[in-house]
Amino acid sequence: MPEMPEVESLTGFLHEHVVGRTVERVYPVAVHALKTYDPPLTALEGRTFDEVTRHGKFLDFRAGELHLVLHLARAGWVRWSEKLAVAPPRPGKGPLALRVRLGEPDDGAGFDVTEAGTQKHLAVYVVREVLEVPGIARLGPDPLSEGFTREAFAGLLAGESRQIKGVLRDQSVIAGIGNAYSDEILHAARKTAAKLSEDEVARLHEAIGTTLGEAVERARGTDLRNLKAEKKSGLRVHGRKGEACPVCGDTVREVSFSDSSMQYCPTCQTGGKILADRRLSRLLK
């Protein structure tokens, strides 16, 4: 799943390549991905992209008073081409969901929005105001913004009783953190539990900034085709069940929740305790 660091890198690349260029044609290949109908996608044609920005994990292409907004969900991606095929794409069972063809100065350049797999959750919006997109309207603060201070973070955690991983992934609390980086942040902060002391809140806040900041730097300038591989190479515990923790050498473990799983290091994070698998425990009752 693309998370904030990867979307940040995509934003920079696309801003550099599309700003100042006119939309020649927009092809909605996977109609189910389109979440709005007024204005229509065709309203973008003939308009010039003014900027590309990011809101959490949402990409925002501004063209005058209109915004093309993309949420890549679990398996979406953006593929740039200096020369798209001349023939219009045909709807089918392939991964292509949307094609945007640009005009001068290099006719035929543009980008495809794709989604792998059978679970189709990619979302495309055309709106006049970005807050018309429900997911953007409910976003919490960006964790790399100046306003995301330790005090502000402590305020967000006040009264929380959920597992801290779930809190970090909740986009209405903090924008941009997903399954992978929540594991990495908790590993860096040496925590897994929900109840945090004042010192642990400070350590977790620092881990958020450090983990995401380093990931953004690694992703910056990376070719779009290599971003997913680069992300995986930088992960210490996420997706590394059974491997050795790079910090202490203990075996990375996994615990499952109702809708996700968490990879963690017992020595670094739980004082050596192996966490019970929640889904397995319910089955054994």
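Before I count anything, I note the rule: two strands pair if DSSP finds at least two bridges between them. I also remind myself that this model is predicted.

**Entry 1: the sheet.** I looked up S5 and S7 first. Six bridges join S5 to S7, and the two strands run antiparallel. Then I traced the whole sheet. It is open and has four strands, in the order S1-S6-S7-S5, with antiparallel pairing. Which strands stand at the edges? They are S1 and S5; each has a single partner strand, so one side of each is left without a neighbour in the sheet. On average, neighbouring strands here are turned by 15 degrees against each other, direction ignored.

**Entry 2: the helix on the sheet.** I looked for what packs there. Helix H1 does, touching S5, S6 and S7. The direction of H1 makes about 30 degrees with that of S5.

**Entry 3: the cores.** I recalled a general point: in soluble globular proteins, nonpolar side chains tend to be buried together. Here, the largest nonpolar core holds 35 residues. Those touching the most other members are Phe-49, Leu-59, Phe-61, Leu-68, Leu-70, Val-100 and Phe-111. Elements that give two or more residues to this core include helix H1 (4-18), strand S3 (58-63), strand S4 (66-71) and strand S8 (123-127). Next I checked Leu-68. Leaving aside neighbours within four places in sequence, Leu-68 is in contact with residues including Leu-41, Leu-59, Val-100, Phe-111 and Val-126.

Entry 4: Most residues other than glycine have a negative phi, and most peptide bonds are trans. I searched for exceptions. A cis peptide bond joins Asp-38 and Pro-39, with omega at about 5 degrees. Pro-39 sits in the loop between S1 and strand S2 (51-55).

Ala-73 has a positive phi, near 55 degrees. Arg-190 has a positive phi too, near 65 degrees. Ala-73 lies in the loop between S4 and S5, while Arg-190 lies in the loop between helix H5 (179-189) and helix H6 (198-219).

Is Ala-73 buried or exposed? Its relative accessible area is 11%. The cut-off for buried is under 20%, so Ala-73 counts as buried. Arg-190, at 43% relative accessibility, counts as partly exposed.

Definitions and conventions:
Residues numbered from 1 in each chain as written. Predicted model: local features only at pLDDT ≥ 70, side-chain atom pairs only at ≥ 80, totals over all residues. Heavy atoms only, no water. Core = buried A, V, L, I, M, F, W, Y, C linked by side-chain atoms within 4.5 Å. Buried < 20%, exposed > 50% of the residue type's maximum accessible area, 1.4 Å probe, protein only. Contact = heavy atoms within 4.5 Å. Axes fitted to C-alpha atoms, helices over the stretch in contact; angles between N-to-C directions.
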